[in-house]
Amino acid sequence: MSATAGQNLRIDPDRLWDSLMDMAKIGPGVAGGNNRQTLTDADAEGRALFQSWCEAAGMTMGVDKIGNMFATRAGEDPDALPVYVGSHLDTQPTGGKYDGVLGVLGGLELIRTLNDLGIRTKHPIVVTNWTNEEGTRFAPAMLASGVFAGIHTQDWAEDKVDAEGKRFGDELDRIGWRGDEEVGARKMHAMFELHIEQGPILEAEGRDIGVVTHGQGLSWTQVTVTGKESHTGSTPMPMRKNAGLAMARILEKVEEIALSHAPHAVGAAGHIDVFPNSRNVIPGKAVFTVDFRSPDLSVIEDMEARLRTEGQAIVDAMGLEIAFEKVGGFDPVTFDDGCVTAVRTAAERLGYSHMDIISGAGHDACWINRLAPTAMIMCPCVDGLSHNEAEEITKEWAQAGTDVLLHAVVETAEVVA
């Protein structure tokens with residue numbers, strides 16, 4: 001591919017945008033975004049639409065036993081391992097139209113572009129929709145890519161239940177998207193994942209492209225504080241065993257712990273339940289999940305240890321009980337130098353402004369990086385807002401990210417003259 005031809009090789013931004021908007025009609029949210037949670041009827045409908053588009057583009061669809069979808073465009077060398085691209089179609093309960101979806105439909109768009117131009121590659125190209133990346137209905141996040149990468153067993157994943165007690169494996173069967181491929185049987189030459197940043201850095205810096213060099217490690221610890229339910233009006237202050245107050249004090253420590261490792265470490269509790277959650281009853285139990293993240297494993301380990309030590313000290317002083325359970329996590333990720341260079345070179349070739357960036361969120365690429373050379377591409381999102389129905393990107397940002405994805409994939413899959 002000559003330099004001139006490379007600069008002229010670009011996707012159709014209107015077609016990509018139309019696909020994003022058509023997918024967003026499935027599982028609409030209440031405020032302009034999407035509620036297309038994994039293994040729901042809306043998820044099934046979105047999968048079917050994606051499959052129809054892939055087949056119209058001349059691709060063949062494979063599905064494995066945990067529902068991961070693999071749409072393949074054949075390569076010219078039958079022995080060459082495929083280059084994978086993709087992300088996820090499932091959303092948060094109050095999710096946006098782009099988180100995950102851009103990476104899947106950007107992959108589809110690059111195939112459509114290659115078809116339009118009659119460009120063939122040595123390696124096959126596979127566009128993937130990973131099941132249950134969000135982890136909002138069935139924890140943990142990146143569940144099916146984790147099974148694919150051998151992090152979790154399939155049985156363990158299928159036994160996960162949602163808030164209504166519905167089992168992952170049963171819901172997969174119910175919506176009709178359990179395939180027959182063994183999970184993890186596929187081999188990869190490389191993988192690229194395009195995603196919105198889900199943070200404010202690229203927009204603030206005025207950059208079109210984030211070249212993702214690392215992914216933060218993550219630790220989820222579920223904390224259960226047990227006190228004693230009693231009347232808010234008639235229980236003297238010194239005699240209270242207030243689990244809600246203990247939780248508040250622990251969360252202040254979480255903030256302090258994360259700030260002590262500034263600027264790259266973060267920490268908060270996003271999932272909080274207080275029992276019995278009644279106006280005139282002092283909470284007898286509080287259950288919350290502390291989310292710590294850092295690109296440095298030793299920092300994560302320090303934050304975990306301090307949470308347990310300082311949390312224990314707080315409840316001991318109050319005469320309460322506490323239990324800690326690590327319910328999710330993964331080590332920091334360093335993406336493949338060759339794939340990262342392909343992304344950076346593509347951005348430079350196309351004239352897009354770019355910067356190296358660390359992903360603050362977990363992504364399927366973080367697990368796949370253990371199996372094959374992997375890299376991520378990020379585009380900005382307005383105000384860094386994500387996991388929110390107000391999530392927004394521009395058509396130009398979507399085009400830039402997908403153009404870079406196209407070039408990185410084509411370079412890696414090797415054009416056949």
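Is C366 buried or exposed? C366 is buried, with a relative accessible area of 2%. The legends below describe close-up views of a predicted model.

View 1. A disulfide is a covalent bond between the sulfur atoms of two cysteines. The count of disulfides in this model is zero. C366 takes part in none, and the nearest cysteine sulfur, that of C339, lies 14 Å away. For C381, the closest cysteine sulfur belongs to C379 at 7.3 Å, which is too far for a bond. C381 is buried, with a relative accessible area of 0%.

**View 2. The largest nonpolar core.** In soluble globular proteins, nonpolar side chains tend to be buried together. The largest nonpolar core here has 99 residues. Those with the most contacts inside this core are F50, L102, L105, L110, F192, I393 and V404. Helix α13, residues 395-413, supplies the largest share of the core, with 10 residues.

**View 3. The contacts of V404.** Leaving aside residues up to four places away in sequence, V404 touches I209, V343, A346, A347, L350, Y352 and I377. A second, separate core has 22 residues, including V225, I250, V290 and V299.

View 4. Rolling a probe the size of a water molecule over the atoms shows where empty space is left. The model has one cavity of 30 Å³ or more. The largest cavity holds about 30 Å³ of space. Its lining is formed by T38, D43, R47, L89, D90, N129, W130, T131 and N132. Of the residues lining the largest cavity, two are nonpolar, four polar and three charged.

Conventions. Residues are numbered from 1 along each chain as its sequence is written. This is a predicted model: local features need pLDDT of at least 70, side-chain atom pairs count only at pLDDT 80 or more; totals for chains, interfaces and linings use all residues. Side-chain values use heavy atoms; hydrogens and water are left out. A disulfide is a pair of cysteine sulfur atoms within 2.5 Å. Buried means under 20% relative accessible area, exposed over 50%, partly exposed in between (1.4 Å probe, protein chains only). On a 1 Å grid over the protein atoms alone, a cavity is a set of points where a 1.4 Å probe fits but cannot get out, and a pocket is an open set with protein on both sides within 12 Å along at least five of seven lines; lining residues have an atom within 4 Å of a point. Grid points are joined across faces, edges and corners, and a volume is the space filled by probe spheres set on the points. Ala, Val, Leu, Ile, Met, Phe, Trp, Tyr, Cys and Pro count as nonpolar, Asp, Glu, Lys and Arg as charged, and the others, Gly among them, as polar. A nonpolar core is a set of buried Ala, Val, Leu, Ile, Met, Phe, Trp, Tyr and Cys residues joined through side-chain atoms within 4.5 Å. Helices (H or I, at least four residues) and strands (E, at least two) are DSSP runs, numbered from the N terminus. Contact means heavy atoms within 4.5 Å.
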